[in-house]
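I opened the file to look up the ligand site and the space around it. My entries follow.

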Amino acid sequence: MKKHIAVLLCIVLVSIVCISCGGHEVTEIPATAEEEPVLLDKKVGVLMPTKTDERWEQDAKNIQKALEQAGYQVEVRFAENNPYVQAEQIEEMLRLEVDCLVIGLVDTEKIQEVLLKAKEQQIAVISYDRLLMDTEAVSYYATFDNKNIGVSMGTYIKEKENLEELRKTGEHRTIEFFMGSPDDNNAKLVYEGIMEILGEYLEDGTLVCNSGKIEFADTNILRWSRTLAEKNMDQILNQNYKKEKLDIACCANDTIAAGVLYSLERSGYSEEEWPLVTGQDAGIEAVKNIISGKQSMSVYKDTRVLADKCAMMVKAVLEGTMPEINYEEGYDNGSINVPTYLCTTVVVDKENYKEILIDGGYYTESQLE
Ligand code: BGC
């Protein structure tokens, strides 16, 4: 019995010592021969838009891993594409006294107020993949070159459909556009990139858009929704492609492409008639569709690299140093020029997906079966 009481007393004493060591200074655990010191009391809030699009879950896992390896505590939340939920999650992070926020945005307009609060509390904010617009409460931006993603899609269409040749012979191809969310700055940049390449062929009639929906305002799809894309495609096929087949479905990402593919499947397009379908993200489902020939291409974005660059920004911000930036002039978010790190992307299709995605270690062969 005496022995038990002594053990209990020891536990209580150790707990008191541990609790009194808490607080807000950096606590270092003594390093072993190989290990770096572990910093325990810096907390980072990682807020992602949704889990319904597989890429964001992957992004969150990658960032969490990189930040935890650097010794930070990490809180991850997904907003299920609801800007009000995201605003509430940022509030929650402020209550949890995070030192830095990484935000994969849903809609900037709805989080302006809480971003100001974060700024007042001197909490650094890193804009992740999507740019936080019209606010000064953002320190850095880590993203992919979105305009170039659009240029890659446009160039793929131009080359695969031999638009230069068609122009000479006076032939044409039909095309429809299914663009990204109007509240996402990335979507506008992707659209600009596509039009930079395809605009001239639409003007001279080498590309014909039977629905007449060419402008971003007429082709955007709120929250990049698969079901909305499917609905729009149903309508377009019914109204505009009874006499003539659709040759190209220019889809801004893989979720939109998936909706468009459902619609095509139901509408009785044969293998020979199947249109060229673009995408973005090289998600698992999309790559399987590329292998089976339903989707033509996707733009692969190595989210491991983006997560590492983002973690590097967080570290720099928390240590009071300058992170590596490769786009000095930064992105104009309507309020300030946000210093940015731009990651590069690669087009994947049936020809190169093995080399890029499997040999590159992004997916295993069995994941794509
Ligand atoms: C991202 C894309 C993603 C899309 C929908 C965009 O902001 O850049 O990679 O497919 O959001 O989640």
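I sorted the shell around the ligand by residue type and got two nonpolar, three polar and seven charged residues. For this I counted Ala, Val, Leu, Ile, Met, Phe, Trp, Tyr, Cys and Pro as nonpolar, Asp, Glu, Lys and Arg as charged, and the others, Gly among them, as polar.

The model is predicted: local features need pLDDT of at least 70, side-chain atom pairs count only at pLDDT 80 or more, and totals for chains, interfaces and linings use all residues. Residues are numbered from 1 along each chain as its sequence is written, and side-chain values use heavy atoms, with hydrogens and water left out.

I listed the residues around the ligand (a heavy atom within 4 Å): D53, R55, W56, D129, R130, D184, N186, W224, N253, Q280, D281 and K301.

I then looked up polar contacts (a pair of N or O atoms within 3.5 Å). Ligand oxygen atoms lie 2.7 Å from a side-chain N or O atom of K301, 2.8 Å from one of D129 and 3.0 Å from one of N186. The protein covers 98% of the 310 Å² of accessible area that the ligand has on its own (Shrake-Rupley method, 1.4 Å probe).

I checked which domains contribute to the shell: domain 1 (43-138 + 302-343) and domain 2 (146-301 + 364-368) each give at least three residues. These bounds come from an automatic or database domain assignment.

Note on methods
A polar contact is a pair of N or O atoms within 3.5 Å; within protein, one must be able to donate a hydrogen and the other to accept it, and residues adjacent in sequence count only if both atoms are side-chain atoms.
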